[in-house]
Amino acid sequence: MDGVERLTPLLEVGGLEVRAAENGQVILRDANLTLAAGERVAMVGPSGAGKTTLFRAINGTVPISGGSLRFAGEDVARCTGRALRRLRCRIAVVAQKHDQVEALRVHQNVTAGALGRWSAAHAIRYLLWPSPAELAEAEAALAAVGLAHKLHARTRTLSGGEQQRVAIARALLQAPSLIIADEP
């Protein structure tokens, strides 16, 4: 080699194509992107350009119809079942809509970021009796976005900007390898 260590990129998108499930219409064509761990990238484009579709393809929520998509060396298109769940645990998504349950307390929405590593029984126990360590983890994530004082508030009482910060705290608590923020 030339003396430079070559690392596997965190994300490799090559000639990616996505078609609408309903009619087969191409909604994303020839997307190309390579990201290394630690890189920060902003995607800018008009509404309808395919940014959200690309983000959904990256985390495996929409199937690709052509091209290649690899995350940490793994072919995303081939991930199913547990492998897909593991992939989604490593990719946090802060969606345009904050995807929160407004009747729950803020800490409960934040700890939804831990659901990928918790069993169903653990999640139910948390809803009823959160441990001090779990509450501290949620509070630390909220502190990172300036909302530690809202730990026990009902989510419905927050402003839109505060709800977005709760969604970011949820992504931070997930401890992912990649955070995708759609119109943060």
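A search of the whole structure finds one aromatic pair. The rings of tryptophan 118 and tyrosine 126 have centres 5.3 Å apart and planes at 45°, so the pair is tilted. Rings of Phe, Tyr and Trp (its six-membered ring) pair if their centres lie within 6.5 Å; planes under 30 degrees apart count as stacked, over 60 as edge-to-face and the rest as tilted.

This is a predicted model: local features need pLDDT of at least 70, side-chain atom pairs count only at pLDDT 80 or more, and totals for chains, interfaces and linings use all residues. Residues are numbered from 1 along each chain as its sequence is written, and side-chain values use heavy atoms, with hydrogens and water left out.

### The chain as a whole

The chain has six helices and six strands. Helices (H or I, at least four residues) and strands (E, at least two) are DSSP runs, numbered from the N terminus. Read along the sequence, the pattern is β-β-α-β-β-α-β-α-α-α-α-β. The C-alpha trace spans about 50 × 45 × 30 Å along its principal axes.

Of the 184 residues, 38% count as buried. Buried means under 20% relative accessible area, exposed over 50%, and partly exposed in between (1.4 Å probe, protein chains only). The accessible surface of the chain comes to about 10,700 Å², and 53% of that belongs to carbon and sulfur atoms. Accessible areas come from the Shrake-Rupley method with a 1.4 Å probe; for residues, only the protein chains shown count as cover.

Contact means heavy atoms within 4.5 Å. Among contacts in the chain with a separation of 6 or more, 64% join residues 24 or more positions apart.

### The cores

In soluble globular proteins, nonpolar side chains tend to be buried together. A nonpolar core here is a set of buried Ala, Val, Leu, Ile, Met, Phe, Trp, Tyr and Cys residues joined through side-chain atoms within 4.5 Å.

The largest nonpolar core has 23 residues. Leu11, Val13, Leu16, Ile58, Leu69, Phe71 and Leu178 touch the most other members. Strand 1 (11–19), strand 2, helix 1 (51–58), strand 3, helix 2 (81–90) and strand 6 (178–181) each give two or more residues to this core. A second, separate core of 18 residues includes Ala114, Trp118, Tyr126 and Ala138.

Phenylalanine 71 sits in strand 3. Not counting residues up to four places away in sequence, phenylalanine 71 touches Leu10, Leu11, Val76, Leu87, Arg90, Ile91, Ser177 and Leu178. Leucine 178, with the same exclusion, touches residues including Leu35, Ile58, Phe71 and Ala92. The C-alpha atoms of phenylalanine 71 and alanine 133 are 62 residues apart along the chain and separated by 31 Å.

Which residues of helix 1 are buried? They are Lys51, Thr53, Leu54, Phe55, Ala57 and Ile58. That makes six of its eight residues, so helix 1 is mostly covered by the under 20% cut-off. The cover includes strand 1, strand 2, strand 3, helix 2, strand 5 (91–94) and strand 6. Just after helix 1, glycine 60 takes a positive phi of about 80°.

| Residue | Relative accessible area | Class |
|---|---|---|
| Phenylalanine 71 | 1% | buried |
| Tyrosine 126 | 2% | buried |
| Tryptophan 118 | 11% | buried |
| Glutamate 137 | 31% | partly exposed |
| Alanine 72 | 34% | partly exposed |
| Leucine 127 | 45% | partly exposed |
| Aspartate 30 | 51% | exposed |

Two of these residues have a positive phi without being glycine. Aspartate 30 has a phi of about 55° and belongs to strand 2 (residues 26–35). Alanine 72 has a phi of about 50°. Alanine 72 lies in the loop between strand 3 (66–71) and strand 4 (74–75).

Leucine 127 is in helix 4 (residues 120–128). Ile124, Leu127, Leu128 and Trp129 form a nonpolar patch on the surface, with about 470 Å² of accessible area together. Patches are made of residues with over 30% relative accessible area and no salt bridge: like charges are joined within 9 Å, nonpolar side chains (Val, Leu, Ile, Met, Phe, Trp, Tyr) within 5 Å. A salt bridge is a side-chain nitrogen of Lys or Arg within 4 Å of a carboxyl oxygen of Asp or Glu.

Glutamate 137 lies in helix 5 (residues 132–144). Glutamate 137 touches Arg117 and Leu173, not counting residues up to four places away in sequence. Glutamate 137 and aspartate 182 are 45 residues apart in sequence and 24 Å apart in space, C-alpha to C-alpha.
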